[in-house]
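Visitor: I have the sequence and the fold open side by side. Could you walk me through some of the packing?

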Amino acid sequence: MDIKYPLKTAYSLKVESLLNALSTDQKNGISGAEAATRSKKFGLNIYKSQKQKSLWLMAFEQFNSPIVYLLFLAGFASLYFKNPVEAKAIFIVILVNGLIGFFMELQARSSMRALKEMDVSYSRIIRGGKKIEIPSEQLTPGDLVLLEAGDVVSGDGRIVHINGLQVDESSLTGESFPVVKTSETLNADTEPSAALNMVYKGTAVINGNARVIITGIGENTQLGKISEMVGRSAPTKTPLDIKISKLTKKLIWITLIMTAIFAVSGVIEKKPWLQILETSIALAVAAFPEGLPIVATVALAHGMLLMARKNAIVKKLSAVETLGGVNVILTDKTGTLTENKIFVEVLSFPGEELNVAIKKGILEYKGARLQKSHENFELLVRIGSLCNDASLEGADKGKKSSGDPIEIALLILASAAGFHAENNIGEFKRISEMPFSSETKIMGTLHKGKTNFFVSAKGSVEDLLSKCKKIQLGSAQGNLDGSGREKILSRAEALSSSGLRVLAFAYLISTERPGDNYLQELIYVGMVGFLDPPRTDIKDAISACHSAGIRIVMITGDHPMTALNIAKKVGITALEDNKVIAGSELPEMELLGDEWKERILSTTVFARTTPKQKLEIVDVYQKAGYIVAMTGDGVNDAPALKKADVGIAMGLRGTQVAKETASIVLKDDSFTSISQAVAHGREIFQNIQRFVIYLVSCNLSEIFIVTLLGFFAQGSMLFPLQILFLNMVTDVFPALALGLGKGDSTIMQRPPRDPRMDIVSSRNWMVILIYALMMTCSVLLSIFLCRIYVGSDVRVINNVAFLTLASSQLFHVFNMSSLHSGMLGNEVTKNKFVWIALLLCFFLIVVVYLFQQSRDALNLDIIPFQAWVLAGLSSMLPLVLVQLYKLVFEKRSIPGRSKKTLVRPA
Ligand code: ATP
């Protein structure tokens, strides 16, 4: 079927013409078969920049680097100077180097793809008359999409049915005020960007709902056009990328200076040109940290995949590094710290309170079935099931349920009390609703009964009471005066103090349809106390964070007493600490003086807060120098999630907007996953730091040896291919293995690292230098011993130097374990990749030795047995020295552990 696509003027078409142009239907959408045909024809709903580069390009890129050009130069120089064996060996080195790079990049890419697959966004659509959810990339022109608050629009589309739709288009326009949409047809001369009857991909629905016909997908959307422009410019770099390139630049300078010194001294000493050229190139190659970025990427991707398997999906690469440095987590309560499996525990009516339980689908009070004669009770249950968006299929059999757990609990209550929600709804048809929001903390619905109208409302006790004028007292009603309100509020406080979530219920009956603002002059009926127990594993996770120097702060919409009770139960607040700040106490941001800021920074529980106040608390912490992680789920949480250094959205109960804004999405909504993610964040950075220290110290030792031998033992100078072998084999594989290892056991017992710090601190540079000198000394020692015990044959000395350096670099990998973990059984000895890398490297050395050709290429000979022993023993020098240092100076206490967890960062 031919359709008009792309449809550029959809906003000026009458709905009929639009539907004709796109051959679709505003009730049933297009059929599944038609959608498949259109997807084939118009492609997926993705941008070019999201399409992967081809394997050919990836392979080609491995050879497109200055280091490979240098190697080619060396290879051709060898050919020119008639040394074909060496030339062949250099070309093999280029090939092997390219292959290693290619496979590492492939590995990183497949980890990233696996991560992406876990983070698919879905669209609710109607196809062939059926309501379904599809991955947003399968959206096609003519699809009928259903939008509601919290959704992110996944394609450009024309609104055909609307109910108070407001959209945040800041991702497109930069303007963050909500745009009120319409379904009216607009003039043809309207600016497309001002077309209020259109919605655009990437924008967020803040309020209301709508039905939309898709008119543009992928690059044919407004956002697609921008992405195409952005895609052409350089990709944005993460702080880690920037640090790695800063480090690389430093190392390049060191390389250049050393190479220049070497080349000049060679010229002065009138060495053969080929030797000067090749050794300079080998030196440059040896010192150049070309493996750094790719090993960092592999380590990062591997770590992120592990995080995802533990329920934390990282969406922004930079978040991994920041996460390791987080020193305060602002967390919500319900579902994150608690189970979010909610049960009715207490029914509280004026003058009467019942502790109830639902057993086998029956509501019991004092062990017997609760009779439903009570007027307030009947009203409360009715309100609970009318003012409710959850569903309970086969409720009496305790089967499938969907929706807000609090509302599910109310439906279960109704069913256990012998009410049937369907009957209620059948009798009282819902004609209007005021959805629950964390600002109003109330939900209300208006129903039309046979003879009258019924308003049902539920919400936080304080907020709902402010809308009530009367109180239901059995079959009578009374005025709700000040003391009556006081009594209810103090009962609510008492219930909250015991850790229950408390909801109040109210109603109104009238013969005439109430106005739009029908939540007023209500009649108070009673309260329900819900039990929402803390998650079982939460205490350990919180105490792990505390020992890691991370402050935990609860920010919840719930009652202050409920919040405090849970905070004490899970260990966020000390048992004797009763400090809690309610949102109503907090002054406006502009009026926050120093005293208030201090109060905020010293309080661990915030209750009854609005999303705007969450944003302000984040700001206070950030201005005090904290690195803030913050959880959120609602559409209104998006600004705070964006502002926090690490925004964490809830995968199960979070809105699409929150998930798209956050840098991490938790698959299971649990706080434990946050603490595990922090540990992984630290581990990934530690791994990167480790292999950088390892790689740079090995490279530096190569430079020292080449320079020293060049000056003092010219005859036994390392040959270029030997240097290349060291550089390409003995340091790359162990470095990679270090990048994939686990963190040491004290990783969560140290204070967080400042993520702004360089990968290699000045102290680390000292350590690198010492390691490099130790490896250099081990080579000098082997040469010295060789001269005494084996003889002064320059070839043998060269071979011994080469073998000593190769194996001392391999043994050096064991020096990379933390000073605080033991000599044996530490995180490096337990890393299986390290053992695989070592076996592989030793195997390659043996292979090189076995074949005449490779021996010749590397200038190796069959050397006396004593020479092997000397090389083997000397190469252990750095390992022995470091282990001795550990034994003698190992500090039993972990650095920074004594600094108490709640210390403010500098
Ligand atoms: P958190 O912010 O930690 O997730 P919360 O779920 O209690 O905690 P909100 O969802 O903002 O926070 O709820 C705030 C208050 O609004 C609750 O304490 C309750 O009184 C009321 N409330 C919660 N859910 C509903 C609902 N579905 N209908 C009406 N009122 C509700």
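Guide: Strand 9 (residues 328-331) and strand 23 (residues 551-555) run parallel and are joined by four bridges, with V328 standing opposite R551 of strand 23. Strands here are DSSP E runs of at least two residues, helices are H or I runs of at least four, and both are numbered from the N terminus. This is a predicted model, in which local features need pLDDT of at least 70 and side-chain atom pairs count only at pLDDT 80 or more, while totals for chains, interfaces and linings use all residues. Residues are numbered from 1 along each chain as its sequence is written, and side-chain values use heavy atoms, with hydrogens and water left out.

Visitor: What strand order does the open sheet have?

Guide: The order is 8-28-27-26-9-23-25-24, an open sheet of eight strands with mixed pairing, where two strands pair if DSSP finds at least two bridges between them. Strand 8 (312-314) and strand 24 (581-582) each have a single partner strand, so one side of each is left without a neighbour in the sheet.

Visitor: Switching to helices, at what angle do helix 26 and helix 31 pack?

Guide: Helix 26 (residues 762-789) and helix 31 (residues 877-889) pack at about 135°, their axes 8 Å apart; axes are lines fitted to C-alpha atoms, for helices over the stretch in contact, and angles between N-to-C directions run from 0 to 180 degrees. Helix 26 is therefore oblique to helix 31, the class left once under 35 degrees (roughly parallel), over 145 (roughly antiparallel) and 65 to 115 (roughly perpendicular) are set aside.
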